[in-house]
Amino acid sequence: MEVRFLRGNNGRTCGWEATLPKRQKVPGPTMAAGPDLPHDLSTFVIEEALGFEHGFWGCVAQGARFRSLGRKRTPQGKEVVVRHAAELDEAERRVNEVYFAWRRGEPTEVDDAIEEMLARWRALDPDTGELVLEWPNPRTSGRRA
């Protein structure tokens with residue numbers, strides 16, 4: 001799945017759009033950005049770095065649609081969420097734990113990945129910047145089941 005994170009409004013907002021393998025588009029919400037990583041981008045980085053296969057992004061890749069995406073939830077998408085509920089919950093817990101520790105300046109096991117993405121994000125044009133990422137990253141191996 002390809003995910004495009006888009007900066008706008010002089011860097012104050014971010015949106016994203018995922019393209020699934022069969023070219024199906026999944027528009028994400030617009031969220032506040034500022035100088036920090038937007039929430040969904042930090043979730044992407046942390047889930048990938050920790051190896052969550054069925055966190056938020058893995059489930060989106062498998063067809064899950066969450067209320068926050070503003071799209072009708074299908075029976076197939078709901079089934080993905082139900083099937084992976086435990087890992088989704090664990091991913092959310094760990095993402096928040098890591099993100100807020102990083103924000104406090106405490107060392108985490110994924111500092112390098114977060115810092116690298118933050119530098120990439122800040123280097124984008126604040127009105128037209130676009131960051132294109134792949135889920136799962138082809139460089140990543142040994143993802144959690």
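Visitor: Which residues in α1 meet which residues in α4?

Guide: In this predicted model, S42, T43, I46, E47 and L50 of α1 meet A91, R94, V95, V98 and Y99 of α4. The residues of this contact divide into six nonpolar, two polar and two charged.

Visitor: Why is α1 called roughly perpendicular to α4?

Guide: Two packed helices are described by the angle between their axes and the distance between the axes. Here the axes of α1 (residues 39-50) and α4 (residues 85-103) come within 10 Å and cross at roughly 105°. Angles of 65 to 115 degrees count as roughly perpendicular, and so α1 is roughly perpendicular to α4.

Visitor: What makes W135 a buried residue?

Guide: The relative accessible area of W135 is 3%. Buried means under 20%, so W135 is buried. W135 sits in the segment after β5 (130-134).

Visitor: How many residues apart along the chain are W135 and W57, and what separates their C-alpha atoms?

Guide: W135 and W57 are 78 residues apart along the chain, with 7.4 Å between their C-alpha atoms. W135 is also one of the residues that W57 touches, leaving out those up to four places away in sequence.

Visitor: What is the omega of the peptide bond from W135 to P136, and is the bond cis or trans?

Guide: Omega is near -15°, and the bond is cis. P136 lies in the segment after β5.

Visitor: Which residues have the most contacts inside the largest nonpolar core?

Guide: They are F5, W16, L41, W57, F66 and W121, in a core of 41 residues. At least two residues of this core come from each of β1 (2-8), β2 (13-19), α1, α2 (56-61), α3, α4, α5 (111-123) and β5. α4 gives the most, with six residues.

Visitor: What does M1 touch, not counting residues up to four places away in sequence?

Guide: M1 touches A18, T19, L20, W57, V60, A61, L133, E134 and W135. As for L118, which is 117 residues from M1 along the chain, the C-alpha atoms of the two are separated by 21 Å.

Visitor: How do you know that T19 is buried?

Guide: T19, in strand β2, has a relative accessible area of 4%. That value is set against a limit of under 20%, so T19 counts as buried.

Visitor: What makes the pairing of the T19 and K25 side chains a polar contact?

Guide: The distance between the side chains is 3.2 Å. A polar contact needs a pair of N or O atoms within 3.5 Å, one able to donate a hydrogen and the other to accept it; the T19 and K25 side chains make such a contact. Leaving aside neighbours within four places in sequence, T19 is in contact with M1, E2, Q24 and K25.

Visitor: Where is H84, and what makes it buried?

Guide: H84 is in the loop between α3 (75-83) and α4. Its relative accessible area is 11%, and buried means under 20%, so H84 is buried.

Visitor: Which side chain does H84 join in a polar contact?

Guide: The side chain of H84 is joined to that of Q62 by a polar contact of 3.4 Å, where the limit is 3.5 Å. Beyond its neighbours within four places in sequence, H84 is in contact with H54, C59 and Q62.

Visitor: What is phi of N9, and what is phi of R23?

Guide: N9 is not a glycine, yet has a positive phi of about 55°; N9 is in the loop between β1 and β2. R23, also a residue other than glycine, has a positive phi near 70°. R23 is in the loop between β2 and β3 (25-27).

Methods. Residues numbered from 1 in each chain as written. Predicted model: local features only at pLDDT ≥ 70, side-chain atom pairs only at ≥ 80, totals over all residues. Heavy atoms only, no water. Axes fitted to C-alpha atoms, helices over the stretch in contact; angles between N-to-C directions. Helix = DSSP H or I, 4+ residues; strand = E, 2+ residues; numbered from the N terminus. Parallel < 35°, antiparallel > 145°, perpendicular 65-115°, else oblique. Contact = heavy atoms within 4.5 Å. Nonpolar A, V, L, I, M, F, W, Y, C, P; charged D, E, K, R; others polar. Buried < 20%, exposed > 50% of the residue type's maximum accessible area, 1.4 Å probe, protein only. Core = buried A, V, L, I, M, F, W, Y, C linked by side-chain atoms within 4.5 Å.
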